[in-house]
Amino acid sequence: MTEKLSIEKRFSDIEHNLEVIRSKIDFAAKKSGRKAEDITFMAVTKTVEPVFINKAIECGVDLIGENKVQEFLSKKEYLKLDSCTAHLIGHLQTNKVKQIVGQVDMIQSLDSLKLAKEISKQSTARNIVTKCLVEVNVGQEDSKTGIDFLSVGSLLDEISQMQGIKVCGLMAIPPICENESELSAYFEKMHRLFIDTREEKRDNIDMQILSMGMSGDYEKAIECGSNLVRVGSAVFGPRIY
Ligand SMILES: *Cc1c(COP(=O)(O)O)cnc(C)c1O
C-alpha cells in the first residue's frame, strides 16, 4: 500500500515538475528572443527506473538522455520508445562503441579523435551514419571530460574526412561557478564557438544543436543561446545511486 502510494506520488511529481520546467523554458526562450519550440527539452534518465521514464514519456517527453551504455541497453526493452528518442550523454569508452552504435539516435559525448575514428569504423560496418555532438571542456578543467576548447576546430577538420559520422553541434558542462556572471561567461563562450564553427563549412559537419543547461542552470543556458537542455533531477527528483 505505501509503495503504491509513493509510486503515485512520484508520478504526480513528475507530471508537475514537467509543467513547471516547460513554463520556465518558455519564459527563458522568450527572454532570448526565441520561442519555446526552438528549445529541445531532454529528460535525463540515468538511475531512473523505466516505470518513471515511461511516465515522463506519457507526459509528452520525446527525448531522453542516458549516461551509461550498459544501463541504457538493459533498460531499453522496457521503455516506450515509439514516440521518444534517446541520446547517449555520458563519457563513452572506445571499447563500448560497438555496443551503442545504432542503439541511440545521437551520441552527445564525442570528445576525442580516437573515439570519432571508432564511431566512424563501427557505423560504416553497419552501413549507418551516427549523429554526434562534440563535447567541449569549456572550463579547461583537468577533471572534466570533453575535448579541449582550442582543439575543437582540428577535431572537426578530421571528422569531415570520415565516413559514417556526422556532427550536429556541440555539448558542454560548465565548471561549478561562484556566481551567475561567471556561469554566463562560459555559456556565452560556447555560444560563440557554436556560431563560429557553424559558419565554417566542412563536410559531415552541420552545426544545429548547442546542448547546454542542466537542472540548476537551464534557464541561464537558454538565455545565453542553448537550444537543447538536459534536465534530470528537476524532473525525477534527486538521484539515488
Ligand atoms: C546527469 C546529467 C545531466 C542532468 O543533470 P541534473 O543536474 O540532474 O539535471 C545533464 N547532462 C549530463 C551530461 C549528465 O550527466
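**Figure 1. Classes of residue in the shell around the ligand.** By class, the shell around the ligand comprises 5 nonpolar, 4 polar and 3 charged residues. In this scheme Ala, Val, Leu, Ile, Met, Phe, Trp, Tyr, Cys and Pro count as nonpolar, Asp, Glu, Lys and Arg as charged, and the others, Gly among them, as polar. The residues around the ligand are Val44, Lys46, Asn67, Ile89, Ile173, Met214, Ser215, Arg230, Val231, Gly232, Ser233 and Arg239; a residue is near a molecule if one of its heavy atoms lies within 4 Å of it. The model is predicted, so local features need pLDDT of at least 70 and side-chain atom pairs count only at pLDDT 80 or more, whereas totals for chains, interfaces and linings use all residues. Residues are numbered from 1 along each chain as its sequence is written, and side-chain values use heavy atoms, with hydrogens and water left out.

Figure 2. An N or O atom in the side chain of Lys46 is 2.7 Å from an oxygen atom of the ligand. For Ser215, a polar side-chain atom lies 2.5 Å from an oxygen atom of the ligand. Arg230 places a polar side-chain atom 2.9 Å from a nitrogen atom of the ligand. The ligand taken alone exposes 390 Å², and the protein buries 89% of that. Accessible areas come from the Shrake-Rupley method with a 1.4 Å probe; for residues, only the protein chains shown count as cover.

**Figure 3. Lys46 in its loop.** Lys46 has its place in the loop between strand S1 (40-44) and helix H2 (50-58). Helices (H or I, at least four residues) and strands (E, at least two) are DSSP runs, numbered from the N terminus. Lys46 is classed as buried because its relative accessible area is 18%; buried means under 20% relative accessible area, exposed over 50%, and partly exposed in between (1.4 Å probe, protein chains only). Lys46 and Lys98 are 52 residues apart along the chain, and their C-alpha atoms are separated by 21 Å.

**Figure 4. Met190 in helix H7.** Helix H7 (residues 180-199) contains Met190. With a relative accessible area of 1%, Met190 is buried. The C-alpha atom of Met190 is separated by 25 Å from that of Asp62, and the two residues are 128 residues apart along the chain.

Figure 5. Gln140 lies in the loop between strand S5 (130-137) and strand S6 (147-148). Although Gln140 is not a glycine, its phi is positive, at about 45 degrees. Gln140 is partly exposed, with a relative accessible area of 38%. Asp142 is also found in the loop between S5 and S6. Asp142 counts as exposed because its relative accessible area is 82%. Between the C-alpha atoms of Asp142 and Cys168 the separation is 26 Å, and these residues are 26 residues apart along the chain.

Figure 6. Asn204 lies in the loop between H7 and strand S8 (205-211). A positive phi of about 65 degrees is found at Asn204, although Asn204 is not a glycine. At 27% relative accessibility, Asn204 is partly exposed. Glu77 belongs to the loop between helix H3 (69-76) and strand S3 (85-88). Glu77 counts as exposed, at 65% relative accessibility.

Key
Polar contact = N/O pair within 3.5 Å; in protein donor to acceptor, adjacent residues only side chain to side chain.
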